[in-house]
Amino acid sequence: MSDTGWAKAAWGMLYSPWQMGSAMVLFDGVGFDAELHLKLIEKLGVTTFCAPPTVYRVFAQMDLSSYNLSSVRHALGVGEPLNPEMIKVWYNATGGKIYDGYGQTETINIVANYPCMPVKPGSMGKPVPGVNVQVVDEKGDICAVDCIGSIAIELTEPLQPGMFEGYWQDDEATAMCFKNGWYYTGDNGSVDKDGYFWFVGRSDDMINSSGYRISPFEVESSLLEHPAVLESAVIGKLDEARGEVVKAFIILASNYQPSDELRRDIQAFMKKQTAPYKYPREIEFVESLPKTISGKIRRIELRQNS
């Protein structure tokens with residue numbers, strides 16, 4: 001499921017599958033109809049299904065047992081990090097795991113989970129063959145295991161296949177990300193002892209509260225484990241005492257209504273789920289969240305309006 005204005009439509013929906021001789025399903029509709037898409041999977045016998053986490057979150061609120069999804073042998077998540085809770089729900093409904101990955105318009109896919117290796121829920125996998133992806137610091141040194149740094153690709157001559165050469169007529173932006181022998185993606189992450197990559201957040205989305213560095217994605221994943229939360233977006237809101245405080249925008253699941261009692265319940269739940277300093281001190285219930293055409297949450301827009 002990909003808007004054709006998104007780079008993923010080219011390297012994920014057209015060229016690669018066609019090279020493998022696959023038949024592609026492209027539904028030309030207006031808006032997203034979850035029930036319709038589940039019925040299309042059933043009717044057309046779709047074998048490989050790829051969608052952004054937003055879609056899987058909607059599916060998680062539905063009774064998937066009423067649809068025949070047995071044809072799906074491989075499912076992928078793309079666009080933004082996939083919350084572990086969604087992988088669990090999909091597995092319980094279909095018996096299959098969702099294989100997450102990572103890439104950019106500037107790079108194509110550079111990290112992925114593969115059928116030949118175990119999936120660690122929440123991890124975006126390991127680098128694709130032939131591409132040296134690392135987590136590095138501002139000096140270009142590779143970070144230690146489990147330490148947060150910048151996700152980067154080694155600069156080679158010629159550049160890695162599919163990688164861009166720079167931003168059009170913007171030497172300053174190019175120089176900011178091409179440095180120290182690496183291309184800095186602008187995303188933060190870490191690598192565990194087994195070589196799996198873990199997404200932490202966009203560099204400009206990280207929250208700094210009382211000296212603590214907090215990943216919005218980590219807080220959002222924990223929020224999804226509360227039954228009242230259908231979807232959420234977390235930002236840092238300016239605060240005189242703490243620098244920033246964690247603020248969550250929450251879309252409620254069906255059968256739940258906004259209330260101060262529910263707000264306190266979610267906060268109490270989060271204090272138990274995460275470190276105390278990570279819980280959202282502010283919660284705003286909303287009907288929708290601003291997103292790009294690829295389904296990514298526009299946190300910058302939420303910050304500007306808070």
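Lys179 lies over the face of Tyr184, 4.8 Å from the ring centre; the criterion is NZ of Lys or CZ of Arg within 6 Å of the ring centre and within 35 degrees of the ring normal. Lys271 sits over the face of Tyr279 in that sense, at 4.6 Å from the ring centre.

This is a predicted model, where local features need pLDDT of at least 70, side-chain atom pairs count only at pLDDT 80 or more, and totals for chains, interfaces and linings use all residues. Residues are numbered from 1 along each chain as its sequence is written, and side-chain values use heavy atoms, leaving out hydrogens and water.

Next, the aromatic pairs. There are eleven in the structure, counting rings of Phe, Tyr and Trp (its six-membered ring) with centres within 6.5 Å; planes under 30 degrees apart are stacked, over 60 edge-to-face, the rest tilted. Phe49 and Trp90 are stacked, because their ring centres are 6.1 Å apart and their planes at 15°. Phe49 is in strand E1 (residues 48-51) and Trp90 in helix H4 (residues 84-94), 41 residues apart; helices (H or I, at least four residues) and strands (E, at least two) are DSSP runs, numbered from the N terminus. Phe49 is buried at 7% relative accessibility, and Trp90 at 3%; buried means under 20% relative accessible area, exposed over 50%, partly exposed in between (1.4 Å probe, protein chains only).

Last, helix H7. Its buried residues are Leu262, Ile266, Gln267 and Met270. On the face turned away from that buried side are the exposed residues Glu261, Arg264 and Lys272.
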